[in-house]
Amino acid sequence: MSAKKIAGDDVGLPRFAAPPTTAAKVFPFDLSSHIRAGKALKFGLSIADPGFNIFVLGDNRSGRMTATMDYLRGVAEKRPAAEDWAYLYNFTRPHKPKPYGMARGVGQQFRDRIEALIPQLRQALAKAFEAPEYTAKLQGAGVQLREKFERASAELDKSAREQGLRIQRSEQGVGIVAVDAEGNPRPWDSLSPEEQERLKQQVAEIGEKIRAIAADAQRAEEQAGTVVRDIRKDIAFGIIDGPLTQMEAEFGAHRGLGRWLVQLREDILDNLDQFVAPPQGAPQGSRDLAADRYAVNLIVDNADTPHMPVVLEPNPSMARLFGAIEYHSVNGALETDFRLIRAGALHRANGGVLVLRAEAVAREPGVWEALKGAIRDGEVRIEEPYRANMPVMVESLVPKPIPLKVKVVLVGAPRWYYMFSSADPNFLDYFKIKADIDPDMDATPENLAVYAQLLREAANARAGGAVLDDTAAAYLLGQASRWADARDKLTSKFEILEDVLVEAGNLLPSNAARRIGVDQVRQAMAERRRRNDRVEDRSQEIIRKKVINIATSGTALGQVNALTVLDTGDHSFGLPSRVSARIYAGRLGIINIERMTEMGGPLQQKGVLILEGFLNGRFAQKFPLSFSSSITFEQNYGGVEGDSASMAELCAVVSALSGAPLRQDIAITGSMDQLGNAQAIGGANFKIEGFFRACRERGLTGKQGVIVPQSNERNLALRDEVAEAVREGKFHVWSVAAVDEAVALFTGMNPGEPDKKGNYPANSVYGRALKRLAEFDRILTKRATRG
C-alpha cells in the first residue's frame, strides 16, 4: 500500500449542522459525558448514611463546579429547609455555651423577642422598685424591726435603773455606770464592798442582755435583708412571670428552649440588682449582666432560605469551615463570651449540602482529618488550633458541639480524587460516591442539540444578551471536536467555548444588534491565539532566520523533519525538529545521543529500542546486524520525551543505510511497533500546523506536507487556514498504516518486499540497506579473522 493523501474536508474542523433552538431548558448533566456523574450525584443525595458523600471529578472547564452547583440548587429547592441554630448562655457551666436548634425562622423571632423583652423587663422592674407601694412595704418592714429593737432596749434601760445602774451608749460603745436615786453617777470607790459585789453581778447580767439584744439586732438586720429580697423577688416575679410564661408557651417546644427560659427567670430573680441597674457610666471593662447572659447568638439564620441549604466554601480553613471564637483585648488580656462564637460553613450547611474544592481542602493543614471526624461523629466542634500561640486569656470557652447532618460534596480534577484515595486508606469510607465526568462525548444528534443550546444560553447569559447565529454555533461545535482531539467527539470542556462567546460578544459594536456570527467567533479565536502565541512566534522566527536549521525543500541523506509539541500552559503549538542519523561499521547498533547525554526520557529510549527491534527483524535473519548508528535531535537543548518520533528516526537510519535521500519538504510524526506498523500519537493537529507555518513563512511550494499514522485520521481538525491550503493543493496531509509507506513517500523509491529467501530487490530501499549491512558484516568478520 502507499501513503493516503487526505482531502481538505477531512482535515478541517468537522462540519456539524446546528440543531434548532429549543424552548426547553437544558443542563450540562444532559450531555452524555455528564450523565454518569449526574446519576451518581442523584444516588448519593438519596442516601442519608454519613459515609455516602460525593466526589465530583472532571477536567478543568468541564463545568464540574458550575454544573454541580446548578444541579444541587435544583435538588435543594424540592427539599425542606434546615434548622436555625443559636448559642445561649449556660447558667450552670458558663464556659460551655449550649447550642439550641429551632425551626427555620424561629431563631430570628426568638432573638428579636429576647432583645425586645430584656429592656422592657428592666424598665418595668425599675419603675416598680421606685413606686410608693414598694417603698411603703420596705418602710413597714423596717419600722416593725426598729420598734422591736427599741422596746427591748427601753425595758433593759428601766431594769438597769431599778438596780441603781445606767446604760450609756456612745460612738465608742456601750458602758454601765452606778447611779443614785436621782440618776447621778456614784464613784465606784464610794460604794461599800457589798454594793460593789452586788453591782458586779448585775452589770454582768445586763451585759449579757445587751449582747443578746445586739445579736437579735444583727439577726433582725439580716432578716430585714431577706424580707427586702423577698419583697423585691415577689414584685419582680409578678412582673416577669407573665412575659416569660408566654415565651415558654411559644418557644418551649424547640430543643430545650423552655428549660432555658425557666433558668432565665431564676437568674433574673437571683441577680435583680445587676439586672435592673446596668453599669452605665461604669469604669471601662465593666460588664452588663443582661447583655452578657441573656443575648441570643444566632449563628445560623435560615429565615431567608426556604429550602435545603447548599453552601459553597471557597476557602475551607479551620475557622471558616468549623467556626471560630473571637476575642477582645481588655487591659492587655483577651476576653470572650458565647456572643463571640462565629459559625463555620459546616454550621450553615447543616441539614443540607456542603460543597468544597478538593485542592483547597488538601492545602489546609488539619482540615481533612477534622472534616472526617465531623462526618464520623455526626457533630461539628469549634476547634481552636491557634490558641496555643495566643496571649494570656482571662477566660476561654469550650462550646458544646452541634449535631451534624450534612452531605459533603468534594469537587476537583481527577488527580485529586486519586491522590486522596491513595494517600488516605479511609478516604473511600467517607466518600463512597464517585461522580465522574468524561473528558469527551460522542457527537450524536442528542449531544449536538444539548451542546448547541448550552452555547446559545451562554451567549445570552454571558455575552450581554447576545443571540448566537446558527453558523457560529456549528463552527463552535467543530471547534469542540478539535479540542476533543477526535472528529467524532465533542469535548466536555464546554466552558472554554463559553469564554470564546464572551470574547466574541465583546467584539460586537455597541450600537449594533447583539448577534454573534461566525466572523466574530473566528476573530475572537484569532485574537486569543495572538495574545498567547509569543513563544511560538519567537520559535518560528529563529527557524525562519535559520538559527535553527530546518529545511522545507530539497532532499538530504540521513536527515528528516520530525515534529514536536510544546505547551506553555495557555497555548500549545507544534514545531519541526531535525532528526539526523550517521551510519558506520561497528557492532554498537543504535546509539541514542539524547539517552547518552541524559536528555531523553524513558519513552523516547523505548522508541529507539523498538526501532532497533524492527531493524533486526527485517535485516538480521541471515547474519547479525553489524553496524553502528548515532541518532539525535539536532539543536535540541531542552530534552526529549515520548516515542512519537520513532518513525522519523527509522526513516533517517534507513536513509543513511541505503543512501536514499529523504524529502525535506515533508515532515513526519508517528510511533511504530517492532513489526513496522504505524501507531497513533498525540498532538497531531499542532504538529501539522507547526510545519505548515514553517513552510508558509518560507513559501509554499504545493509539494510540502506532513505524514501521520492512519489511526490519527480521526483526530484531524486543523485550523481554517491550514485546511484551506490542503483543499487548494498548496499543502498536503498523508496517512500511513506502516512505516514502509512513509519510506516510499520520502524517497520516491520502492521500499522493497523480501522474497522467500529474505532477499530484497537490489534497487529497493531495503535492498540497498541490506547490501550495506552485508558489507559491514564482511568488514567486521574479516577484521575479527585477522585478529
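1. Start with strand β1 (residues 4-5), which is joined to β32 by 2 bridges. The two strands run antiparallel. Look for Lys5: its bridge partner in β32 is Trp734. Keep in mind throughout that this is a predicted model.

2. Now look at β31 (residues 705-709). This strand is joined to β32 by 5 bridges, and the two run parallel. Gly705 stands opposite His732 of β32. Ile707 has Trp734 as its bridge partner in β32. In general, strands of a sheet pair through backbone hydrogen bonds, and the pairing can be parallel or antiparallel.

3. Step back to the whole sheet. It is open and has 8 strands. Their order is β1-β32-β31-β28-β23-β24-β26-β25, and the pairing is mixed. Which strands are at the edges? They are β1 and β25 (589-592), each of which pairs on one side only.

4. Is strand β32 (residues 732-736) enclosed or open to the outside? It is largely enclosed by the rest of the structure, because 5 of its 5 residues are buried. Buried here means under 20% relative accessible area. His732, Trp734 and Val736 point one way from β32. Val733 and Ser735 point the other way. All of these residues are buried. As a rule, side chains in a regular strand alternate between the two faces of the sheet.

5. Next, the nonpolar cores. The largest contains 77 residues. The members that touch the most other members are Phe55, Phe110, Ile114, Trp260, Leu264, Leu346 and Leu354. Helix α3 (residues 106-129) supplies the largest share of this core, with 9 residues. A second, separate core has 51 residues, including Ile590, Ala652, Val736 and Phe746. In soluble globular proteins, nonpolar side chains tend to be buried together.

6. Leave aside residues up to four places away in sequence, and Phe110 touches Leu88, Met102, Met247, Phe251, Leu257, Trp260, Leu261 and Val296. Trp260 is also among the core members that touch the most others.

7. On to the largest pocket. It holds about 1000 Å³ of space. Its lining is made of 28 residues. Which of them lie nearest the centre? They are Gln479, Arg482, Trp483, Ser572 and Phe686.

8. Where does the lining of this pocket come from? Helices α16 (470-484), α18 (518-532), α23 (684-698) and α24 (720-727) each supply at least two residues. Of these, α18 gives the most, with 6 residues. The lining residues of the largest pocket divide into 9 nonpolar, 8 polar and 11 charged.

9. Two backbone angles are worth checking. Lys546 has a phi near 65°, a positive value in a residue other than glycine. Lys546 sits in the loop between α19 (534-544) and β22 (555-556). This residue is exposed, because its relative accessible area is 58% and the cut-off for exposed is over 50%.

10. The second case is Gln635. Its phi is near 55°, again a positive value in a residue other than glycine. Gln635 is in the loop between β26 (628-633) and α22 (646-658). Is Gln635 buried, exposed or partly exposed? At 25% relative accessibility, it counts as partly exposed.

Notes. Residues are numbered from 1 along each chain as its sequence is written. This is a predicted model: local features need pLDDT of at least 70, side-chain atom pairs count only at pLDDT 80 or more; totals for chains, interfaces and linings use all residues. Side-chain values use heavy atoms; hydrogens and water are left out. A nonpolar core is a set of buried Ala, Val, Leu, Ile, Met, Phe, Trp, Tyr and Cys residues joined through side-chain atoms within 4.5 Å. Buried means under 20% relative accessible area, exposed over 50%, partly exposed in between (1.4 Å probe, protein chains only). Helices (H or I, at least four residues) and strands (E, at least two) are DSSP runs, numbered from the N terminus. Contact means heavy atoms within 4.5 Å. On a 1 Å grid over the protein atoms alone, a cavity is a set of points where a 1.4 Å probe fits but cannot get out, and a pocket is an open set with protein on both sides within 12 Å along at least five of seven lines; lining residues have an atom within 4 Å of a point. Grid points are joined across faces, edges and corners, and a volume is the space filled by probe spheres set on the points. Ala, Val, Leu, Ile, Met, Phe, Trp, Tyr, Cys and Pro count as nonpolar, Asp, Glu, Lys and Arg as charged, and the others, Gly among them, as polar. Two strands pair if DSSP finds at least two bridges between them.
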